[in-house]
Amino acid sequence: MILSLSCAIAITLAAFAETPAAGKIAPKPLYRDPVHDGAADPTLIWNRAKHDWWMFYTNRRADLDTPNSKDVTWVHQTRIGIAISQDQGATWKYHGIVKVPYGQPDYTHWAPDVVYQGGLYHMFLVIVPGTFTNWDAPRYIIHLTSSDLETWKFQSKLDLATDRAIDPSLFHLPDGTWRLWYKDERDHSHIHYADSKNLNSWTPKGAAIIDRSSEGPKIFFWHGQYWMVVDAWNGLGVYHSDDALHWAPQKDLLLGTPGHIATDRSIGHHADVVVNGDRAFLFYFTHQQGADLVQTLSHSARRSVIQVAELEFVDGELTVDRDKPTHVLLGTPR
């Protein structure tokens with residue numbers, strides 16, 4: 001009887017140890033672009049055919065020498081990078097760039113969002129029509145489709161009643177409406193939104209939040225309500241809503257305080273959130289500045305990497321501990 005009980009306990013403990021319920025611990029950084037070392041603005045999507053996770057990101061040319069610090073050529077003429085995870089989001093490998101069938105060779109590609117609907121993947125991508133040395137240039141959002149995340153077809157240029165729209169984020173509402181949030185730089189860099197029934201024709205609705213200027217909105221549903229996370233440039237601003245229309249701000253920012261682990265010791269920027277069951281993971285990027293600055297590299301402050309941390313829901317608010325080991329486990333989406 002004693003032997004049987006001991007065996008049962010041993011078997012139970014062994015099974016518990018071998019079950020990756022929490023997932024693998026993600027490295028810091030989670031991902032570093034091997035071409036230009038300027039990965040930013042991540043968005044994740046499940047590849048339904050290959051059964052792995054794909055990350056699309058702005059591939060900034062951090063290694064490009066420019067005449068002076070005010071020259072922003074290095075964030076232009078960028079191509080969207082692709083990384084793939086075959087271990088449920090814990091580690092990532094470079095896969096190449098998105099071949100966008102639109103514009104001229106000097107066009108700039110920024111901050112995509114990718115969703116799946118009707119048997120197709122839909123990418124909404126920021127276009128800057130050229131390569132510029134300053135920030136004073138038009139920018140707009142285009143719609144592309146693909147059946148496999150590899151080959152893309154141009155569908156349309158979105159009419160959002162502004163010539164300075166960037167950072168699209170989409171969510172499919174329960175009534176079938178697709179809602180698109182984006183930064184309108186013509187309106188104090190407030191987050192605006194537009195609605196569509198088919199992902200093709202869009203109706204601009206005006207500002208979604210006006211209490212701060214920000215960019216990089218990300219909308220998700222978790223713990224019975226909608227959440228919006230924005231890049232406020234001093235951390236990530238957080239809002240919650242019952243209807244995805246009226247947003248209440250959270251007092252505390254996320255990632256506004258530098259972490260203590262190498263490569264993650266500056267504030268967090270432009271994030272994606274993947275909700276998986278009752279867990280939610282925040283994928284964000286950090287500059288390699290401050291404690292992570294390498295004095296021997298002339299372009300060190302321009303480098304940026306992708307990080308991940310798990311969100312926590314505490315007393316009705318979102319919190320995150322970037323120094324805590326992050327066990328990542330992204331299962332198959334519903």
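1. Let's start with the second largest pocket: 21 residues line it, and Arg60, Trp135, Ile166, Glu215 and Trp233 lie nearest its centre. Strand 2, strand 6, strand 10, strand 18 and strand 19 each give two or more residues to that lining. The volume comes out at about 450 Å³, and by class the lining has 9 nonpolar, 4 polar and 8 charged residues. For the classes, Ala, Val, Leu, Ile, Met, Phe, Trp, Tyr, Cys and Pro count as nonpolar, Asp, Glu, Lys and Arg as charged, and the others, Gly among them, as polar.

2. Some ground rules. This is a predicted model, where local features need pLDDT of at least 70 and side-chain atom pairs count only at pLDDT 80 or more, while totals for chains, interfaces and linings use all residues. Residues are numbered from 1 along each chain as its sequence is written, and side-chain values use heavy atoms, with hydrogens and water left out. Strands are DSSP runs (E, at least two residues), numbered from the N terminus. A pocket, on a 1 Å grid over the protein atoms alone, is an open set of points where a 1.4 Å probe fits, with protein on both sides within 12 Å along at least five of seven lines; lining residues have an atom within 4 Å of a point. Grid points are joined across faces, edges and corners, and a volume is the space filled by probe spheres set on the points.

3. Now the largest pocket, at about 990 Å³. Its lining runs to 29 residues, with Phe171, Val274, Val275, Pro333 and Arg334 nearest the centre. Strand 18 gives the most, 5 residues. The class count here is 19 nonpolar, 5 polar and 5 charged.

4. Why call strand 19 enclosed? All 9 of the 9 residues in strand 19 (279–287) are buried, so the strand is largely enclosed by the rest of the structure. Buried means under 20% relative accessible area, exposed over 50%, and partly exposed in between (1.4 Å probe, protein chains only). Both faces are covered: Phe281 and Phe283 are among the buried residues on one side, Leu282 and Tyr284 among those on the other.

5. Strand 19 has partners on record here too (strands pair if DSSP finds at least two bridges between them). Strand 18 (269–276) pairs with strand 19 in the antiparallel sense over 6 bridges, with histidine 269 opposite phenylalanine 285. In their hairpin, which has 2 residues between the strands, glycine 277 takes a positive phi near 65°. Strand 20 (304–314) also runs antiparallel to strand 19, joined by 7 bridges, and tyrosine 284 stands opposite glutamine 307.

6. The whole structure has 16 salt bridges, each a side-chain nitrogen of Lys or Arg within 4 Å of a carboxyl oxygen of Asp or Glu. Lysine 28 and aspartate 264 form one, with the closest N and O atoms 2.8 Å apart; these two residues are 236 residues apart. Lysine 28 is partly exposed at 24%, whereas aspartate 264 is buried at 0%.

7. Arginine 303 bridges to aspartate 37 at 3.8 Å.

8. Lysine 183 and glutamate 215 meet at 2.9 Å, N to O. Shared partners join Asp136, Arg139, Arg164, Lys183, Glu185 and Glu215 into one network.

Conventions: Helix = DSSP H or I, 4+ residues; strand = E, 2+ residues; numbered from the N terminus.
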